[in-house]
Amino acid sequence: MARSGLARHGSARPGPARPPKPGPAVAVNHRRDVLAANHLARALFTDFDALPHRERNLARFVLLDPAARELYRDGEEVAQIFVANLRLAAGSHPEDRRLNELIGEFCVKVPEFSTWWDSHRVQQCAHGDQRLHHPVVGDLTLHHESLALPADPDQEICLYSAEPGTASAEALRLLASWTAPTETGRPLPTDARQL
């Protein structure tokens with residue numbers, strides 16, 4: 001019995017181009033608490049899953065973690081954007097006790113915080129480019145986009161990507177391959193001292 005023309009021709013044609021593999025992705029709320037992060041985001045920034053629950057926060061990472069000062073090549077500007085985003089969140093959620101505690105902690109622990117806060121700058125972390133220096137893969141520039149969730153506008157997904165064909169894309173590919181979960185389910189170390 002002859003096969004149909006569709007089956008014959010379909011098997012000979014190359015399949016559709018594969019979509020790009022997902023880049024780093026982080027789900028956050030209005031306080032910038034990290035609700036979820038894929039393995040590549042944990043490898044790029046920090047292993048949020050290993051932190052105590054109350055410390056899983058992107059703003060806390062940027063403003064308080066010494067590793068962030070090494071990671072962000074424009075660290076002060078990134079920190080100011082996070083402060084402006086927190087000011088925006090505080091205006092929308094003035095009764096949020098945990099947000100107010102976080103702001104108070106930054107006032108005490110970050111010398112520049114009060115000056116940045118008093119500038120009254122408000123800004124969403126909607127999109128932009130970030131220049132990074134990762135301890136394992138070196139310099140890379142990533143574009144980030146934040147997408148609000150229709151069911152809860154106080155939650156958003158932050159997606160990071162590199163321009164295809166660039167050194168940044170190659171660095172991200174290397175980071176993904178080096179930190180992919182192993183057969184045991186545990187990712188490889190991302191700290192250069194552990195490699």
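**Group meeting: a predicted single-chain model**

The accessible surface of this chain comes to about 11,800 Å², and carbon and sulfur atoms account for 55% of that area. Please note that the model is a predicted one. The chain has 195 residues, of which 37% are buried.

I turn now to the secondary structure. The chain holds eight helices and five strands. Read from the N terminus, its elements follow the order α-β-β-α-α-α-α-α-α-β-β-β-α. As for contacts between residues at least 6 apart in sequence, 52% join residues at least 24 apart.

Next, the sheet. Its five strands form an open sheet in the order S2-S1-S5-S4-S3, and the pairing is antiparallel. Strand S2 (34-37) and strand S3 (127-134) are at the edges with a single partner strand each, so one side of each has no neighbour in the sheet. From one strand to the next, the twist averages 25°. Strands of a sheet pair through backbone hydrogen bonds. Here, strand S4, residues 138-149, pairs with strand S5, residues 152-161, over seven bridges in the antiparallel sense. Within this part of the sheet, Glu145 has Leu159 in S5 as its bridge partner. Helix H8, residues 167-179, lies across S3 and S4 and runs at about 80° to S4.

Which residues touch the most other members of the largest nonpolar core? They are Phe45 and Tyr72, in a core of 44 residues. Helix H5, residues 75-92, supplies the largest share of this core, with seven residues. Leaving aside residues up to four places away in sequence, Phe45 touches Val26, Phe61, Leu71, Tyr72 and Tyr160.

Definitions and conventions:
Residues are numbered from 1 along each chain as its sequence is written. This is a predicted model: local features need pLDDT of at least 70, side-chain atom pairs count only at pLDDT 80 or more; totals for chains, interfaces and linings use all residues. Side-chain values use heavy atoms; hydrogens and water are left out. A nonpolar core is a set of buried Ala, Val, Leu, Ile, Met, Phe, Trp, Tyr and Cys residues joined through side-chain atoms within 4.5 Å. Buried means under 20% relative accessible area, exposed over 50%, partly exposed in between (1.4 Å probe, protein chains only). Helices (H or I, at least four residues) and strands (E, at least two) are DSSP runs, numbered from the N terminus. Contact means heavy atoms within 4.5 Å. Accessible areas come from the Shrake-Rupley method with a 1.4 Å probe; for residues, only the protein chains shown count as cover. Two strands pair if DSSP finds at least two bridges between them. Axes are lines fitted to C-alpha atoms, for helices over the stretch in contact, and angles run from 0 to 180 degrees between N-to-C directions.
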